[in-house]
Structures are given as C-alpha cells and as structure tokens.
Amino acid sequence: MSDFRIALAGNPNTGKSTLFNALTGMNQHTGNWPGKTVIQAKGNYTFNEGNYTLIDLPGTYSLYSNSADEETARDYIIFDRPDVTVVVVDATSLERNLNLVLQVLEMTDQAVLCINLIDEAKKRNIRIYDDRLEKKLGIPVASISARNKAGINLLLKKIEGVAKGEIVTSPYQVKYSEQMEEDIQRLEPYVSQIVKGKYPTRWVTLKLLDGDRSFMDHLYQRVFSEGDVSHV
Amino acid sequence: MSEIHTSKNSLEQLFQHAGEMNHSREEIVGDIFQASRSISQDCVKYQEATNDQKSEKLDKILTSPIWGYPIMLALLGGVIYLTIAGANIPSSMLASMFSYFETYLTLGFEWIQAPEWLHGLLVLGLYRGVSWVVSVMLPPMLIFFPMFALLENYGYLPRVAFNMDRLFKGAGGHGKQSLTMAMGFGCNAAAIISTRIIESPRERMLAILTNNFVPCNGRWPTLILLSSLFMAAGYTGGLQTFVTASVVIGIVLFGIVITLLVSYGLSKTALKGVPTHYTLELPPYRKPKFWDTLVRATLDKSLYVLKRAIKVAAPAGVATWILANIDIGNVSVLEHIVTFLDPFAHSLGLDGYILMAFILGLPANEIVLPILLMGYLSTGAMTEVNDLDALKSIFLDHGWTWLTALNMMLFSLLHYPCGTTIYTIYKETKSVKWTLMSALIPTIIAIAITFIVAQIVRGLGWV
C-alpha cells in the first residue's frame, strides 16, 4: 500500500519523465520534445521506508487554457488532491517556468519546487539562488540533474517533509490589480460556502472571474456526485 | 438532495455574477507573468552568456526557410541510406543461420519419425515464417530506430514540426498537427493520443483522421525491404542503395502530401473552420546520452516491434499453413480465398495474397509481410530461407514486378490504420462515425491511388 501520492507537474520538456524513470525504475518513453507525455503514468518508489506513488502529469505551460492535457493536469491537482505536487522546472529558463509554479501554488499548499537540468544551467553560467527562491516562494526547493541522478536524495527528503507535514509551507500568492483583489474578496465568502474547504477558495474564485466554463462544469459534476455519495 | 441543488444553482449564480465583473484571462495571466519576472530577477543571475546562443545559431540554419527542408530531407535520407546499406549483410547472415538450423530440425523430425504434416506445420509453416520475419525485419530496425531516437533526443523533431507548420496552416489544420504527424512516424496509436495537445476539437479531428498517412514502426520494414528488392534493380553498389533510399523518401513525402491534401479537403467540407493561433516552443538542443539512447531504442522499439510481429506472425503462420493444406474440392481453402480476391487485387496492381495479407494484418502492420510470405511459402513454392535473392525469387515466382512492389508500398502507406490505432481513435473521439471515417478515408484513397497507378503503368506498357 502506498502512503503518499506525489504528482509531477511542469512545463513540457523539463525532464519530468526522466525524473519519473529515475525514481521508479520504469521506462516511460522520454524524448526532447513537447507533448510527449499526454497520459498519466503511475509508478512507485520507497524512501526512508515510506511508500510513494508517483504520477507523471502531462507537461503544460499553464493551467489556464483548455486543451485536454492541461485539463488533465489541472483536474488531478484540484480534484484528486495529491499529498505533494512537485513542480519540475527547467533551470535554464526559470522565469518562463515560474508561471506554472505560481499557478500551482494558487491551487495547493503541498508543493515542492524541483529545479531540473541544473548541470545545463551551470554550463551556461546561470546561477540560481535556491535559498532565496525558497524564502520567496515559501516552499522547499531542490536542484537536481535527473539524467545524471544528482540531487535526487535531497529532493526526496523535501518531498517526504511536505508529505508528512514536517515542513510547513506558506506559498507565495500572486497579488492582482486592486480592482481584481476587491472582486475576489467580494466573491470569496460565497465561494467558500459552496466548496466548504474541499477546494482552494481563492483559486476557485479566480476561475469564476476568469469565466472558465469548462472548469465550472467539472466542478458541478464533482460537487454533485460527492454530494450524492455523502447522502447514501 | 435539495442542498445539492441549492449549491449547484448558487454556483451558477456566482459564475454569472463574476462574469459581470468583466475581468479577462489576459489580466490574470499578465499579473502572474509579472510576478514570475520579479521573482526570477531576485533569484537568478545570468553571467556572461557564452554558449547560450548555440541553440539559436543552429536553429537559424535548421529551421531556415531555405535550408530547413533540404536538411530535413538529407537527414531522413541519410538515416534510410545507412539503414539499407547496413542491413543487407546481417540479413543474409541471419538467413543462412536459420537455414542451417532448419536442416537439423528436419533431420530431427525424421529421426523421431514425426508425421509429414507435423513437420510441414511446425518447420515449413511456423519456423520458416518466423525465420524470414526475423532475418528481413530485425537488421533494418536495429539500425533505423536507434538513429531515429538519437535525432529525437537531440531535439530535432520540434524543428521538423516548426518547418512544416506553415504547410499545415495553409491546409487549414493546426500547426501542432505537424508534431503529432512526426510522432506518427513512430507509432500511429501513440500519435493519436498525442493529438490531445491540440485545443480545438476541429483541428484535433483533422490531426486524428490524417495521422495514418505517415509510416509507423510496423510499416518502415515493409517499405525499406520492398524498395531495396525491386526499386533499384538496374543499379549496383552505392548507387543502388541511394536509389532505394530515394524511393522510400519519395513514399514518405507522398504520404505527407496526402496528409496535407486530405486536411485541406476536410477543412473545406466536413470540418470547416479557420486555424487557431498557437506558440510552438523550440526546446534547447541537448546532447543525448548516446549509449542509453541506443540501448533503449534497441530494447524498447526494435525488440518490441519484432516481438509483436512474431507473436502474431507465429499463429498466423500456423493458420496460413492449415488454410493452405485443407482442401475443398481439390483446391485449398487458402487458394479459394486468394482466387476470390485476385481479380479486384489485380486491378490495384496487387494480387490476392497481398490483399489477404493486408486484411489478416489488421491487428498489426508488422505482420502483413510475414503473412504474405507464409501465404506464398505454403503453396508448394517451398523456398528455403537463404538470402535476400531467394526472398526476391519467391516474389518473382508469384509474378511480381516493380509495379507490384510499388503498389504494395503505396497500399501499406495509405490503407486503414491498424486495429490498435482504430481502437485508440474510438477511445479518443468517442464517436463511431469518426472512427469509421478514419478507417474509410484512407482505404478509399489507398484503393483509388493504387488503381490509378496500376492503370497508368499498364496502359503505358511499362510492365
């Protein structure tokens, strides 16, 4: 039996599948191009006698558009609530990758940032300050090189810490325009009555303001079916 | 129950209410971008980017409007050339090894006084069929797949997609269709799943319906083998390999042209619409882990395809042998089937055996060639597995010309997708109608084109 479920999110082509293979000893097809993993792969690993199930989500640049692969990733994080979501980013293009990290942090507190391809970044004289990132983002950060299997142990330790609640996170919140923040505050109390702490209130509110119809439909289904179950 | 309804209704009300606040996705995403920028400015330091531009420089050449296509052709050509040039000798060696063992197998069967039919079934049907499949399919795969995997891991495939992107937009499809098409060169079923990266359902359907027109792992060996046996007969040495490779590339290009034409036709009729915009990321080039890639490609792809071929080909060999040896009115069942298919097949430049092999080969493209060989071998023309010349003489004995080979290649390229792919299309589209279309469109095109080619070639008296 697995103790914890760990989801791997990240932009396409950041080496999620390579990390997945390194951790699980499985052989998911890896390749240097976006769009390669579109279905979830599942595998297991153990660390410090804990059992972990690892889910390789499709690579996505954001969680805001409506392609099937982005919806898969988004719904998994929101509805299936993994114990930890590890966001894998490419050290050589951190800025672009951070967009997804910030989006994930709106959805869950239980996150770890994994900076992959650190060897590549060193080669290009890119210096990343892990400690500053950790402070700024409010979640644990681990730099690794998945293909050289370097830094994996530290990553696993941080995942363990978050999974067991030993590391308490305080995720960075994107601050929106004044008008937006005002509207969020106005809607939040109502949203919280509906989602009842099951889903992140602020994020659902943002989705309302974003006008994402397809997400609303998924949410209806969830609220509806889960309500059904509790009545039985 | 009432509580749920309230919550559902109030969620809907909230959604309406939020909509009236008039915020846009751009606003949200813009603020997220800004936050990302400020964080990365605090936490990342770029020193003198030295070799940062290497990728960009390379991309200037590999995706240039002038050099992009020629380089693409040259790379594909190079891979296929090396495959053909390198596969011949190991193929012959494998073939003579199998034939060597066959002698002992036959002796063994005689020694235990096994009945004639058992020897026929197991040695002449099963063993010979499998031997042929392994000797003609394994060597090219062992060369082709690792080379292809190296290019893939280096990051060349997105550049192919980038180069082709304009063509697909012109044909009314989504630029990402070029990416899913590139994946089809490996496996069409996997490529169908990969069409999920296309947001618009219309453009996704275009990508699904046309994916089959690029040859997958299961069809490469057929194309390469037939081309090397028949298409360069008048040439020798290096030139022969060159001509063979050119024919294979011609077939691939033809497949791409058909992909574009069908996309265009559909986007003007059943799937009308304007292509949506998108951005395609060109990932940095990365030096692949050379040996890792070779081992993976060999184990995962070559052996996988071969295993699939043998797994289905072995029982098919037995079945074909049985069909060939059960008589109804002095003629075997197999011949009944073949005779029935023959007139139609002939009008396509094929013969009844080939058509039967394609029909029985529905589960997997890998087994079409094996089934064909077993069909031929079972009819008394018991050619021993010797070398590629012997293989060619099997075909020649059954009246093959270069037209037969060409049309079999064309039919293989264009016909309905394999069973796995059709099933995947159904799972992805959840529509019986579109699944049927995805099988019907290619089949009709395959029949039409082979028919036209056969009529023209015969009409002009070229064969």
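View 1. Strands (E, at least two residues) and helices (H or I, at least four) are DSSP runs that are numbered from the N terminus. This is a predicted model, in which local features need pLDDT of at least 70 and side-chain atom pairs count only at pLDDT 80 or more, whereas totals for chains, interfaces and linings use all residues; side-chain values use heavy atoms, with hydrogens and water left out. Residues are numbered from 1 along each chain as its sequence is written, while chains are lettered from A and ligands numbered from 1 in the order in which they are written.

**View 2. The strands that pair with E5(A).** Strand E4 (residues 84–90) of chain A pairs with E5(A) in the parallel sense over six bridges, where two strands count as paired if DSSP finds at least two bridges between them. Within this pairing, Thr85(A) stands opposite Ala111(A) of E5(A). The chain passes from E4(A) through helix H3 (residues 94–107) of chain A to E5(A), and this β-α-β crossover is right-handed; with the strands pointing away from the viewer, that term requires the path from the first strand over the helix to the second to run clockwise. E5(A) is also joined by three bridges to strand E7 (residues 141–143) of chain A, and these two strands run parallel. The bridge partner of Leu113(A) in E7(A) is Val141(A).

**View 3. Strand E4 of chain A and its pairing with E1(A).** Because seven of the seven residues of E4(A) are buried, this strand is largely enclosed by the rest of the structure. Val84(A), Val86(A), Val88(A) and Asp90(A) point one way from E4(A), while Thr85(A), Val87(A) and Val89(A) point the other way, and all are buried. Strand E1 (residues 4–10) of chain A pairs with E4(A) in the parallel sense over five bridges, and Leu8(A) stands opposite Val86(A) in E4(A).

**View 4. Helix H2 of chain A.** The twelve residues of helix H2 (residues 68–79) of chain A should span 16 Å at 1.5 Å a residue, which agrees with the 16 Å between its end C-alpha atoms; the expected span is 1.5 Å times one less than the number of residues. H2(A) is mostly covered, since ten of its twelve residues are buried, among them Asp69(A), Arg74(A), Tyr76(A) and Phe79(A). Just after H2(A), Arg81(A) takes a positive phi of about 45°.

**View 5. Salt bridges within chain A and between the chains.** The structure holds 21 salt bridges over all chains, each being a side-chain nitrogen of Lys or Arg within 4 Å of a carboxyl oxygen of Asp or Glu. The side chains of Arg186(A) and Asp183(A) meet in one of them (2.9 Å, N to O), and because these residues are three apart in helix H7 (residues 178–195) of chain A, they are separated by about one helical turn. Asp183(A) counts as buried because its relative accessibility is 1%. Arg213(A) forms a salt bridge with Asp217(A) (3.6 Å, N to O), and Arg213(A) also forms one with Glu12(B) (3.1 Å, N to O). Since Arg213(A) lies in helix H9 of chain A and Glu12(B) in helix H1 (residues 2–20) of chain B, this second pair joins two chains. Salt bridges that share partners also join Arg74(A), Asp75(A), Lys207(A), Asp210(A), Asp212(A) and Arg25(B) into one network.

**View 6. A nonpolar surface patch on chain B.** Trp402(B), Phe451(B), Ile452(B), Ile456(B), Leu460(B), Trp462(B) and Val463(B) make a nonpolar surface patch of about 690 Å². Patches are made of residues with over 30% relative accessible area and no salt bridge, with like charges joined within 9 Å and nonpolar side chains (Val, Leu, Ile, Met, Phe, Trp, Tyr) within 5 Å; accessible areas come from the Shrake-Rupley method with a 1.4 Å probe, and for residues only the protein chains shown count as cover. Helix H19 (residues 432–459) of chain B gives the most to this patch, with three residues. Trp402(B), by contrast, lies in helix H17 (residues 402–414) of chain B, and Trp402(B) counts as partly exposed because its relative accessibility is 33%.

Key:
Buried means under 20% relative accessible area, exposed over 50%, partly exposed in between (1.4 Å probe, protein chains only).
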